Amino acid sequence: PIVLGCGRLREQKNFALLIKALASLREKVAAKLVILGEGPQRKNLESLISELGLTADVSLPGEVENPLSYMAHASVFCLSSSWEGFGIVLVEALAMGLPVISTDCPSGPAEILDGGRFGELVPVGDLPALSCALEAALTHKTFDKNALIERASLFSSEAACREYRRLFAAL
C-alpha cells in the first residue's frame, strides 16, 4: 500500500510527523510513503528518513506535473499539516475517490471532510493517532468511493457558480 502526501516541504506541512507515523505503521503494516513537493525542509526530511531506516520505503520525488496520477495509484492520502488554508489537495484526493486522513488543523480540513464524515480527522501533531488512522485505513476500514467523489463535487467551480447565482438571485 502507498500513503501519499503532497505539498511544499515546509514546517507548516509537518511531513516529519507523517514520516514518523510511517515508521510506527511499518511495525504492523508493510507500506510505502510518497511525498510530492519541494521546499526548504527537504534536507531535514531526507535526514529523518535515513535516521529512521526508511530510505527504501519513503520517496520524495519533488514537484510533479500531475499529482492526480499519483493519487490514482495511492491507497490513502494524508495531510499532516499543523495549519492550512483551504486545503484544495484534500478535495483533489476526494475527487479521485481516495480515502483521506487529515490533521484537524485550522482552517479547512474539518469543513472539507464534514467533521470526519468523509475522511479521518486526527489531532494536530498526534503521532499515535495518525499512525493508528493510517493502519485502520490500510487494513480494515472501508470507504465509499462514490460518496468521496460526490463530496468533492460540492467544491467544484460549477457548484461555486451555482451558489453565487443563487445568492445573487436572493439579493
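This is a short tour of the chain, from the whole fold down to one residue.

**Before you start.** The model is predicted: local features need pLDDT of at least 70, side-chain atom pairs count only at pLDDT 80 or more, and totals for chains, interfaces and linings use all residues. Residues are numbered from 1 along each chain as its sequence is written, and side-chain values use heavy atoms, leaving out hydrogens and water.

**Select the whole chain.** Show it as a cartoon. Trace the chain along its sequence: the pattern is β-α-β-α-β-α-β-α-β-α-β-α-α-α.

**Switch to C-alpha atoms.** They fill a box of roughly 60 × 35 × 30 Å along the principal axes.

The accessible surface comes to about 8,900 Å² (Shrake-Rupley method, 1.4 Å probe). Carbon and sulfur atoms hold 53% of that surface. Of the 171 residues, 43% are buried; buried means under 20% relative accessible area (1.4 Å probe, protein chains only).

A contact means heavy atoms within 4.5 Å. Take the contacts with a separation of 6 or more: 65% of them join residues 24 or more positions apart.

**Now select Ser-102.** Where does Ser-102 sit? Ser-102 lies in strand E5, residues 100–103. Is Ser-102 buried or exposed? Ser-102 is buried, because its relative accessible area is 0%.

**Select what Ser-102 touches.** Leave out residues up to four places away in sequence. Pick Leu-79, Leu-90, Pro-109, Leu-113, Glu-120, Leu-121 and Val-122.

Terms used:
Helices (H or I, at least four residues) and strands (E, at least two) are DSSP runs, numbered from the N terminus. Buried means under 20% relative accessible area, exposed over 50%, partly exposed in between (1.4 Å probe, protein chains only).
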